[in-house]
Amino acid sequence: MSVQGLSPHGLNLKQFSQEFRAKTGPALLSSLDACVRCGVCAESCHYYQADPRPEHVPAYRAEAVRRILRTQDPWTRWFPGWFGAEPRRGRSDEEMLRALGDVIFGTCTQCRRCTLSCPMGVDTGTIVRTARGVLARHGLIPEGLKATVDAHLKTGNNMAVSREDFLDTLQWMEEQLQSDTGDPQARIPVNKQGARVLYTLNPREVKYFPLTILAAAKILYAAQEDWTFSTEAWDGTNYGLFSGEDDKAAEIARRLEAEAVRLGVQEVVMTECGHGYRSFRWEGPNWLGHPYPFRVRSFVELMAEYLDSGRIKLNPAANSLPVTYHDPCNLARNGGIIEEPRFLLSRAVREFREMTPNGKDNYCCGGGGGMLAMTEYSQRRLQAGQAKARQIAASGARVVVTSCHNCVDQLNELNRHYQLKVKVHNLCEIVADALVLAKAQRPAASGAAAQDA
Amino acid sequence: MPTIQFGDVQVEVDEDGFVQDPKQWTEDLARYLAKQEEGLDNLTEDHWKVIHYLRDYYQQFGIAPMIRKLCKDTGFDLKYIYELFPSGPAKGACKLAGLPKPTGCV
């Protein structure tokens with residue numbers, strides 16, 4: 001075993017450290033240096049809440065990265081442990097980097113709750129993401145996460161849905177929309193040049209759960225929006241956020257930007273997808289190095305604007321069971337969308353109950369950071385969801401609403417695993433069921449109501 | 001990689017319970033998974049219709065079908081598919097049919 005030997009993936013400790021440091025900007029640099037090891041972050045983490053081991057303290061994850069970086073300091077060569085460098089313990093470079101990979105891919109959802117609790121503002125999620133990116137570039141990345149990024153780049157969406165299948169599904173939902181509204185002219189527009197809004201989807205809606213497409217279309221219909229889908233760029237997700245690969249993340253954002261420009265839309269509206277919103281709205285301009293020539297909003301913000309301006313009207317009698325709201329980390333803490341879903345729910349349901357804590361202080365559901373795509377960490381993911389499961393149970397709500405398709409999947413798993421006996425729905429389904437259509441047609445049961453039946 | 005002991009054979013599954021080698025799939029395994037993963041004590045004729053459709057489609061195209069195709073070709077409506085498989089088309093039906101875990105947010 002040679003200390004300097006290249007691993008089969010072509011990555012050794014020296015290269016890792018060099019590539020990591022090359023990606024380090026001022027914010028990350030201060031996060032690397034500022035930790036005072038106070039341990040306040042421990043209690044903030046949902047992994048630690050579920051299983052209070054030292055490995056589940058956020059500072060441990062960041063420190064795992066620092067310990068690898070310190071192996072390259074000249075004075076740490078002989079007594080690495082004394083200087084806070086990762087001791088070799090008979091391992092090859094690749095084995096040490098694999099161990100790091102297990103920590104940064106397998107025990108952090110990049111939810112950034114620890115950053116809010118940190119007196120120094122250490123951004124562990126970003127340290128983790130940067131380290132993921134270096135490992136991923138050299139093939140040290142969980143297979144399911146890699147496959148999801150690759151599918152997006154290769155086929156234009158992360159579930160490899162063909163153009164024909166996409167259009168077939170939209171047509172199916174359009175027929176349903178016409179039947180539900182009683183309006184044979186109701187449309188789901190596609191590739192409409194000059195539409196005001198370009199609406200995007202999460203591929204799981206198209207492939208398996210199309211009722212959220214119907215719900216969104218119904219709300220856009222009721223608001224008489226001028227909107228369109230694009231067959232060229234309809235997937236609003238970006239797993240490059242989770243793999244840490246900035247070049248791939250930028251390419252995914254660039255395609256959506258280019259299509260929005262080509263269609264000449266004023267606004268790109270992201271489906272209820274937490275990481276997709278964060279990626280395109282907040283990270284994309286940084287990845288691309290320029291601002292967009294159009295506005296980007298979450299559908300949650302657009303729905304709230306419709307309601308506020310009277311473009312849609314809601315009847316809370318349609319949703320009579322007690323409802324709670326799970327804040328997706330990437331919409332609330334990392335996106336600032338906190339009041340809008342509550343405003344919508346205050347008009348769409350009879351009884352709303354908050355979980356504690358909520359908003360920017362919410363607990364991650366455990367499914368963030370690309371965890372659903374990394375099957376090797378599924379048992380940890382379910383365990384890490386314990387804090388959220390306890391919150392849901394304590395709320396006494398019968399319906400859990402959220403604005404993230406990924407959270408919906410994890411919450412459904414928590415529901416089964418912890419026997420919570422709740423229903424889980426996207427916000428747009430609840431809003432669609434409460435819609436009062438202007439022409440006084442009574443909408444047939446769809447969305448949430450159909451799934452609950 | 002976890003395994004499930006099933007009769008005389010050991011079947012490799014991932015941590016989400018998806019069968020790793022589609023060749024190891026049998027109807028008995030589907031019944032076992034139905035009980036373990038979906039809490040279904042028995043599989044009806046309609047369950048089997050969906051499971052066999054998924055397997056045939058996967059063998060032909062190497063990918064799971066869209067829910068649109070599943071509904072159209074089996075004649076079942078969407079609501080009924082969700083009722084048949086409480087964990088949904090991916091984590092319920094596809095898992096029982098021995099298909100691999102899909103990419104993305106499922």
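I count a contact as heavy atoms within 4.5 Å. The model I looked at is predicted.

**Entry: confidence**

**Entry: A:N406**

I looked up A:N406 and found it in helix α19 of chain A, residues 405–417. Is A:N406 buried or exposed? Its relative accessibility is 8%, and the cut-off for buried is under 20%, so A:N406 counts as buried. I then listed what A:N406 touches, leaving aside neighbours within four places in sequence: in chain A these are A:Y239, A:G367, A:G368 and A:L372, and from chain B there is B:C105. Which backbone oxygen lies 2.8 Å from a polar atom of the A:N406 side chain? I found that of A:G367.

**Entry: overall form of chain A**

I noted 21 helices and seven strands in chain A. The radius of gyration is 23 Å against the 22 Å that the globule rule gives for 453 residues, so chain A is as compact as a globular protein of that length. Its C-alpha trace spans about 80 × 50 × 30 Å along the principal axes. Of the 453 residues, 62% count as buried. I took the contacts in chain A between residues at least 6 apart in sequence; 80% of them join residues at least 24 apart. Chain A exposes about 17400 Å², and carbon and sulfur atoms supply 51% of that area.

**Entry: nonpolar cores**

I went to the largest nonpolar core, which has 160 residues. Those with the most contacts inside this core are A:F16, A:F20, A:I219, A:F299 and A:I312. Helix α11 of chain A, residues 211–222, gives the largest share of the core, 10 residues. Another core, of 14 residues, lies apart from it; A:L382, A:L411, A:L420 and A:V424 are among its members.

Not counting residues up to four places away in sequence, A:F20 touches A:L28, A:L32, A:V65, A:L69, A:I127, A:T130, A:A131 and A:V134.

I picked A:I127 from that list and placed it in helix α7 of chain A, residues 124–137. A:I127 counts as buried, at 0% relative accessibility. With neighbours within four places in sequence left aside, A:I127 is in contact with A:F20, A:L28, A:S31, A:L32, A:A62, A:V65, A:R66 and A:V122. I also took a distance from A:I127 to A:S298: the two are 171 residues apart along the chain, and their C-alpha atoms are separated by 26 Å.

**Entry: helix α15 of chain A**

How many of the 10 residues of helix α15 (residues 299–308) are buried? Eight are, so the helix is largely enclosed by the rest of the structure. I listed the buried ones in α15(A) as A:F299, A:V300, A:E301, A:L302, A:M303, A:A304, A:Y306 and A:L307. At the start of α15(A), a side-chain oxygen of A:S298 comes to within 3.0 Å of the backbone nitrogen of A:V300. Just after α15(A), I noted a positive phi of about 80 degrees at A:G310.

**Entry: chain B**

I counted five helices and two strands in chain B. From the N terminus on, its elements run β-β-α-α-α-α-α. The radius of gyration of chain B is 13 Å, which agrees with the value near 13 Å for a compact globule of 106 residues. The C-alpha trace spans about 35 × 30 × 25 Å along its principal axes. Of the 106 residues of chain B, 54% count as buried. I found that 47% of the contacts in chain B between residues at least 6 apart in sequence join residues at least 24 apart. Chain B exposes about 5000 Å², with 46% supplied by carbon and sulfur atoms.

Where is B:V13 found? B:V13 is in the loop between β2 (9–12) and α1 (27–38) of chain B. B:V13 counts as buried at 6% relative accessibility. Apart from residues up to four places away in sequence, B:V13 touches B:M1, B:P2, B:T3, B:I4, B:F18, B:V19 and B:Q20. B:E37 is 24 residues from B:V13 in sequence and 12 Å from it in space, C-alpha to C-alpha.

How values were computed
Residues are numbered from 1 along each chain as its sequence is written. Chains are lettered from A and ligands numbered from 1 in the order in which they are written. This is a predicted model: local features need pLDDT of at least 70, side-chain atom pairs count only at pLDDT 80 or more; totals for chains, interfaces and linings use all residues. Side-chain values use heavy atoms; hydrogens and water are left out. A nonpolar core is a set of buried Ala, Val, Leu, Ile, Met, Phe, Trp, Tyr and Cys residues joined through side-chain atoms within 4.5 Å. Buried means under 20% relative accessible area, exposed over 50%, partly exposed in between (1.4 Å probe, protein chains only). Helices (H or I, at least four residues) and strands (E, at least two) are DSSP runs, numbered from the N terminus. The radius of gyration is taken over C-alpha atoms; the globule rule is 2.2 Å times the number of residues to the power 0.38. Accessible areas come from the Shrake-Rupley method with a 1.4 Å probe; for residues, only the protein chains shown count as cover. A polar contact is a pair of N or O atoms within 3.5 Å; within protein, one must be able to donate a hydrogen and the other to accept it, and residues adjacent in sequence count only if both atoms are side-chain atoms.
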